[in-house]
Amino acid sequence: GKSRVTTITPSAYAEKFESEGKKVKVAVIGCGSVSTQYFPHISKCPYVEIVACCDIKPDRAQKAAKTI
């Protein structure tokens with residue numbers, strides 16, 4: 001199938017997602033030092049499921065994956 005990229009804010013869909021039990025699937029690109037600032041917030045959001053993370057340095061991606 002075709003892939004599509006959509007930018008949304010989970011709070012904009014919170015009511016709909018909660019009533020339907022759905023989550024936004026998120027892939028994080030870049031797992032360097034800045035990611036430590038937003039990973040905790042993304043992973044705690046009840047409407048988000050982190051499904052992948054990647055980085056040019058595989059060890060950083062693996063380390064980030066262990067935190068989710």
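This is a predicted model: local features need pLDDT of at least 70, side-chain atom pairs count only at pLDDT 80 or more; totals for chains, interfaces and linings use all residues.

Colleague: Why is A61 called buried?

Modeller: A61 has a relative accessible area of 11%. Buried means under 20%, so A61 at 11% counts as buried.

Colleague: Which residues does A61 touch, leaving out those up to four places away in sequence?

Modeller: A61 touches C31, C53, C54 and D55. For each of these, heavy atoms lie within 4.5 Å, because that is what contact means. A61 and G30 are 31 residues apart in sequence, and their C-alpha atoms are 7.7 Å apart in space.

Colleague: Where does D55 lie?

Modeller: D55 lies in the loop between β2 (48-54) and α3.

Colleague: What makes D55 buried?

Modeller: Its relative accessible area is 17%. The limit for buried is under 20%, so D55 falls on the buried side.

Colleague: Which backbone nitrogens are in polar contact with the side chain of D55?

Modeller: The backbone nitrogen of C31 lies 2.6 Å from a polar atom of the D55 side chain, and the backbone nitrogen of K57 is reached at 2.9 Å. A polar contact needs N or O atoms within 3.5 Å, so both 2.6 Å and 2.9 Å qualify.

Colleague: Which residues is D55 in contact with, once neighbours within four places in sequence are left aside?

Modeller: D55 is in contact with G30, C31, G32, R60 and A61.

Colleague: What makes D55 and R60 a salt bridge?

Modeller: Their side chains meet at 2.9 Å, N to O. The cut-off is 4 Å between a side-chain nitrogen of Lys or Arg and a carboxyl oxygen of Asp or Glu, so the pair D55 and R60 counts. In general, side chains of opposite charge can pair when their charged atoms come close.

Colleague: How many salt bridges does a search of the whole structure find?

Modeller: The search finds 1 salt bridge.

Colleague: Is R60 called buried, partly exposed or exposed, and why?

Modeller: R60 has 30% relative accessibility.

Colleague: Where is S35, and why is it called buried?

Modeller: S35 is in helix α2. Its relative accessibility is 4%, and since the limit is under 20%, S35 counts as buried.

Colleague: What does the side chain of S35 have in polar contact with C31?

Modeller: A polar atom of the S35 side chain lies 3.3 Å from the backbone oxygen of C31. The limit is 3.5 Å, so 3.3 Å qualifies. Not counting residues up to four places away in sequence, S35 touches G30 and P40.

Colleague: What lines the second largest pocket?

Modeller: It is lined by 13 residues, of which S35, T36, K63, A64 and T67 lie nearest its centre. The elements that give two or more residues to this lining are α2 (35-44) and α3 (58-67). The largest share, 5 residues, comes from α2. Between S35 and A64 the separation is 29 residues in sequence and 8.5 Å in space, C-alpha to C-alpha.

Colleague: How is the lining of that pocket divided by class, and what is the pocket's volume?

Modeller: The lining has 5 nonpolar, 6 polar and 2 charged residues. The volume of the second largest pocket is about 210 Å³.

Colleague: What is the order of elements in the protein chain?

Modeller: From the N terminus on, the order is α-β-α-β-α, with 3 helices and 2 strands. Buried residues make up 24% of the 68 residues in the chain.

Methods: Residues are numbered from 1 along each chain as its sequence is written. Side-chain values use heavy atoms; hydrogens and water are left out. On a 1 Å grid over the protein atoms alone, a cavity is a set of points where a 1.4 Å probe fits but cannot get out, and a pocket is an open set with protein on both sides within 12 Å along at least five of seven lines; lining residues have an atom within 4 Å of a point. Grid points are joined across faces, edges and corners, and a volume is the space filled by probe spheres set on the points. Helices (H or I, at least four residues) and strands (E, at least two) are DSSP runs, numbered from the N terminus. Ala, Val, Leu, Ile, Met, Phe, Trp, Tyr, Cys and Pro count as nonpolar, Asp, Glu, Lys and Arg as charged, and the others, Gly among them, as polar. Buried means under 20% relative accessible area, exposed over 50%, partly exposed in between (1.4 Å probe, protein chains only). A polar contact is a pair of N or O atoms within 3.5 Å; within protein, one must be able to donate a hydrogen and the other to accept it, and residues adjacent in sequence count only if both atoms are side-chain atoms.
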